[in-house]
Amino acid sequence: MKKIIALTLAIFKTLALCACGGDGGNSGGDDSVLGKYELYAMDYDENNVVLTDELFDGENYIVLKSGGKAEMCLEDEKSDVKWKLDGKALVLKADDGDMEGTLSKGIITLELDGSNLYFVGESGSKSKLNAKTLDELLHGIVDDPGTDNPVEPGTDEPTEPVEPQPTETASEVQKLWNGWYYGCLDINGSEGGWEAANGLTFDAAMQVELDADGSGTLTIYDPYGAFALNPEHNNRYVVINCHADTSYLYGDSGTAFDYDINTSDWRVVRNTANQNKLNVGSSYTDAYGNKLGYDFTFLPWGDRWESESYSQFIPHFDDYLDMLDKGMNNPFDDGSAPETPSTPSTPSSVGLSPLLGSSPTKLDINDRGIAFVYYPADQFVYDDWYGKLKNEATGVGILMDPMLGSTNFDELKESYKENNSDEDDYSLVETTVNGYKALILKYSDWLGSTMRVDIDFGGNHDGWYGISFAVSGDSLADCDTDLIWAIIESLEVS
């Protein structure tokens, strides 16, 4: 954002919030100017005016009353001031300073430090200001305003600038793609640690926001946090920068399941049988050869999928219909994400691997109610004395320790390099687990083999900030198995 915006905002907020009335002032006897003027726009630079919706919160207005009294409201903070009008010259008087400007044709223009703020009254014309959103300005209009005849704010007859207009195609692209969609995520074509998830289906909601030039963002959410476990980001599956035409929407950069997208795969297409139906699918393979394959299917938010018998496989489809009946326009329209379901009756309802069994045991890792894992009680037993899961048949153990807040994650990484890099089969990889930053250390020594998975939750939680899974066995092959990873990836943080 330009410095002039930040500076003007600071000055205006200081004056307005400190205003508590001044001396004198009158309306000049012209009752036609009385009334409410709402903040609409401000100067961006000498050629452009920007909308203030994104810059101010709450209500922002000036009310001119009879007898020279006025009320100013900024971000819901109200104060009383005095006003005086001399021709078109307007002064708002406050103890901490006067604000000067003009009142002409239903628009109050306040001049502050070389910039202007525009308050539009009932008789004012917003179109005369030709204001743009910040996003529109920052996507090329600022660098190439396209006019030799800019608006001259505060004058009697502001001339109409000749701004570049979106092409018909760009306008059609916005109409074609922008908005919310509801659908599902299908897991298929997965291998290694993800193979057991093949055939599972989860809810998904997508939001597309494109500018007039057809570029913007695409975000896909897991409304119930059943698979994408990053609640600080409303459980996002996907967040990418994209562009679109009337045929396809293309992913340019971003992440899907916390991995960089494959741009050659990320092309959202319209179903040939139903042009409202959108499909996209891709896959990623992690450093250990585990492959996650996935497909998304969407229809516009509000479509009840009457012609889609497939909807019976979407876990919370009935909840989606309830949201429609309540008039909700997206999953978060009521101000919060839908309630996350309680402990599931079956693993498939929350994305737990079938490797954990039909009724996996839920283990409170540290008895503080902050982190949990699921494990198959028919293969592992929990040793409370050591805080360890143990497989009696294979000898494999999983020791789970809290990582204390005094431990720095980067220092932990350096200590591994210093103390373990000389061991056999040493490797150290930075990755993510369930959306959290993680380190995976592997090595062998005379005692056997160890795979240590340190997971950083981000932020201190009652004196600690993560969990360390130390998996021990006779060989790394014993430690690095699909079942071990199913237990680690069942991690829940509350």
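## A hairpin to start from

Strands E1 and E2 form a hairpin with two residues between them; strands here are DSSP runs of at least two residues (E), and helices are runs of at least four (H or I), both numbered from the N terminus. The model is predicted, so local features need pLDDT of at least 70 and side-chain atom pairs count only at pLDDT 80 or more, while totals for chains, interfaces and linings use all residues. Residues are numbered from 1 along each chain as its sequence is written, and side-chain values use heavy atoms, with hydrogens and water left out.

E1 and E2 (residues 48-51) pair in the antiparallel sense over four bridges; strands count as paired if DSSP finds at least two bridges between them. E1 (residues 35-45) is also joined by four bridges to E3 (residues 61-64), again antiparallel, and Gly35 has Leu64 as its bridge partner there. Four bridges likewise join E1 to E9 (residues 115-120), in the antiparallel sense.

## The chain as a whole

Stepping back, the protein chain has seven helices and 28 strands.

## Two nonpolar cores

The largest nonpolar core has 35 residues, and those with the most contacts inside it are Leu218, Ile220, Tyr237, Phe257, Trp266 and Phe296. A core here is a set of buried Ala, Val, Leu, Ile, Met, Phe, Trp, Tyr and Cys residues joined through side-chain atoms within 4.5 Å. Elements that each supply at least two residues include helix H3 (168-177), strand E12 (215-221) and strand E18 (291-300). A second, separate core of 33 residues includes Tyr374, Phe380, Tyr436 and Met451.

Ile220 is worth a look in your viewer. Leaving out residues up to four places away in sequence, Ile220 touches Ala204, Ala205, Met206, Arg236, Tyr237, Val238, Trp266, Phe296 and Phe298.

In helix H4 (residues 317-325), the buried residues are Phe317, Tyr320, Leu321, Met323 and Leu324. Seen down the axis of H4, they fall within an arc of 155°, so they line one face of the helix; the arc is taken over the directions from the helix axis to the C-beta atoms. That buried set packs against E10, E11 and E18, while Asp318 and Asp325 are exposed on the other side of H4. Just after the helix, Gly327 takes a positive phi of about 85°.

The whole structure holds 19 aromatic pairs. Rings of Phe, Tyr and Trp (its six-membered ring) pair if their centres lie within 6.5 Å, with planes under 30 degrees apart called stacked, over 60 edge-to-face and the rest tilted. Phe317 and Tyr320 make a tilted pair, 5.8 Å centre to centre with 45° between the planes. These two residues of H4 sit three residues apart, about one turn of the helix. Ring pairs also link Phe317 and Tyr320 with Tyr182, Trp301 and Trp305 into a cluster.

Key
Buried means under 20% relative accessible area, exposed over 50%, partly exposed in between (1.4 Å probe, protein chains only). Contact means heavy atoms within 4.5 Å.
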